[in-house]
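Please look at the sequence and the 3D structure shown here before reading the briefing that follows.

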Amino acid sequence: MTKERVLSGMQSSGKLHLGNLVGALSNWVRLQETYDCYYFIADWHSLTTGYAQPTEIKGSTMDLLVNFLAAGLDPEKCTIFIQSRVLQHAELHLLLSMITPLGWLERVPTYKEKQQELKDRDLSTYGFLGYPLLQTADIIVYRAKYVPVGIDQVPHLEISREIARRFNFLYGEIFPEPEALLTEFPKVVGTDGRKMSKSYDNAIYLSDGPEEVERKIRTMVTDPARVKKTDAGNPDLSPVFQLHKIFSSKEEMERLAVGCRTAEIGCIECKKVLIRNVLRVMEPIWEKREFYLRNPDIVRDIAAKGTEKARTAAEETMQLVRTAMGLD
Ligand code: TRP
C-alpha cells in the first residue's frame, strides 16, 4: 500500500524555540512513521518579508536544517529539502497566478495583519500578496493530502483548497484538495506567561545551553499573588505550571499543585523539577545539534539528496500540469 503524502514547511527566519519544537517539529517527527512526509525550508517565503536582509536567511537555513535533524527528523524516513532549489514550485506559482483572482489573496486575513505587525517594512509588494499562492504551489506540486500546521495557517490552507478546486475545474482533476492537520498541543507559554515567541523575547531556544535554560526558567514569573513562600499559590495562574503540563509527569504535577496550594512547596523547588524535565528533553537534541554543527557536510548532503527526491516528485506533477494547460 502506498502511504499518503504529508507536506509541511517552515520559514528560515530566526532560531527555533521550545514552542516550535513542541508545536510543530515533534508532530512532524511522529508523522514520518506513518506517512510519506516531505518537509522543507521555505526560504522564498522568508524573502517575502525579509527581502532587505537576504544574508540572514542563508545562515538560518543551515541552522534550521540542523534543528530538523536534531529534533529527530530522519532522512531515511522523510524527505527534507530546500524550497528555492526546487524550481517547480516557482513554475507552478506562476501558472497558478494566472487563475487566482486578486480578491482571494487580498481577503486572506494574514495579509493585512502581517502588514500591520511589520510596519517598519514595505510589504506592499507583489511577492508578499502572493505568499499564500506560493504556499499553495508548495503543497499541491506534491499532490499532498495532509498539511500539518498551526491554527494560524488555516486561512492559507483554505485558499489552497480553493485554488486546487479552480485548477481542477478549468484543466481537469490533477490536485487533491489538501487538508490541514492541526496539532492538538496547547500553546507553549514563554518565560513571561505570554505565548512563546521570538518577538516577545520570552523564548527558550534549542540553541540555548543548559545554564541558559536553567537561568531562564529560574527567573520565570509564577502566580503573581504568591509573594512569599508561606503564601499559598494557585498553579492555574502560573506559567511555570503551564510548562509542567507539557514536560512533567502527572504524578509530579499533582504533587506540585497540591504543594503550591498549601504553600508546602516553594516556587524554586517547583522550577527545579521543571528545569530537570526540560533539560531531559533538550539534552539529546543538543547532542545531535553538536554532531551536525561539527559535520556540516553531512547536513548539506542530506539536504541535497532530499532536494533531488523532491524535485523528481514535483517534476512528475508539473508534466501533468503542463500538458493540462497546453504547454507540453
Ligand atoms: N506559511 C508557513 C508558516 O509560516 C510556512 C510554509 C510555507 C508552509 N509553505 C508551506 C507550511 C507549505 C505548510 C505548507 O508557518
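How many residues of domain 1 are in contact with how many residues of domain 2? In this chain, 12 residues of domain 1 are in contact with 9 residues of domain 2, where contact means heavy atoms within 4.5 Å. The model is a predicted one, in which local features need pLDDT of at least 70 and side-chain atom pairs count only at pLDDT 80 or more, while totals for chains, interfaces and linings use all residues. Residues are numbered from 1 along each chain as its sequence is written, and side-chain values use heavy atoms, with hydrogens and water left out.

**Domains**

- The chain is divided into domain 1 (5-188 + 296-324) and domain 2 (208-289), with bounds that come from an automatic or database domain assignment.
- Taken over C-alpha atoms, the centres of domain 1 and domain 2 are 35 Å apart.

**Around the ligand**

- A polar side-chain atom of Asp 138 lies 2.7 Å from a nitrogen atom of the ligand, and for Gln 135 the corresponding distance to a ligand nitrogen atom is 3.0 Å.
- Gln 153 also places a polar side-chain atom 3.0 Å from a nitrogen atom of the ligand.
- On its own the ligand has 370 Å² of accessible area, and the protein covers 88% of this; such areas come from the Shrake-Rupley method with a 1.4 Å probe.

- Thr 61, which has its place in helix H3 (residues 54-71), is buried with a relative accessible area of 10%, since buried means under 20% (1.4 Å probe, protein chains only).
- Leaving out residues up to four places away in sequence, Thr 61 touches Ser 12, Ile 41, Asp 43 and Ile 82.
- Thr 110 lies in helix H6 (residues 109-117) and is buried, with a relative accessible area of 19%.
- The side chains of Thr 110 and His 156 are joined by a polar contact of 2.7 Å, that is, a pair of N or O atoms within 3.5 Å, of which, within protein, one must be able to donate a hydrogen and the other to accept it, and residues adjacent in sequence count only if both atoms are side-chain atoms.

Conventions: Helices (H or I, at least four residues) and strands (E, at least two) are DSSP runs, numbered from the N terminus. Buried means under 20% relative accessible area, exposed over 50%, partly exposed in between (1.4 Å probe, protein chains only).
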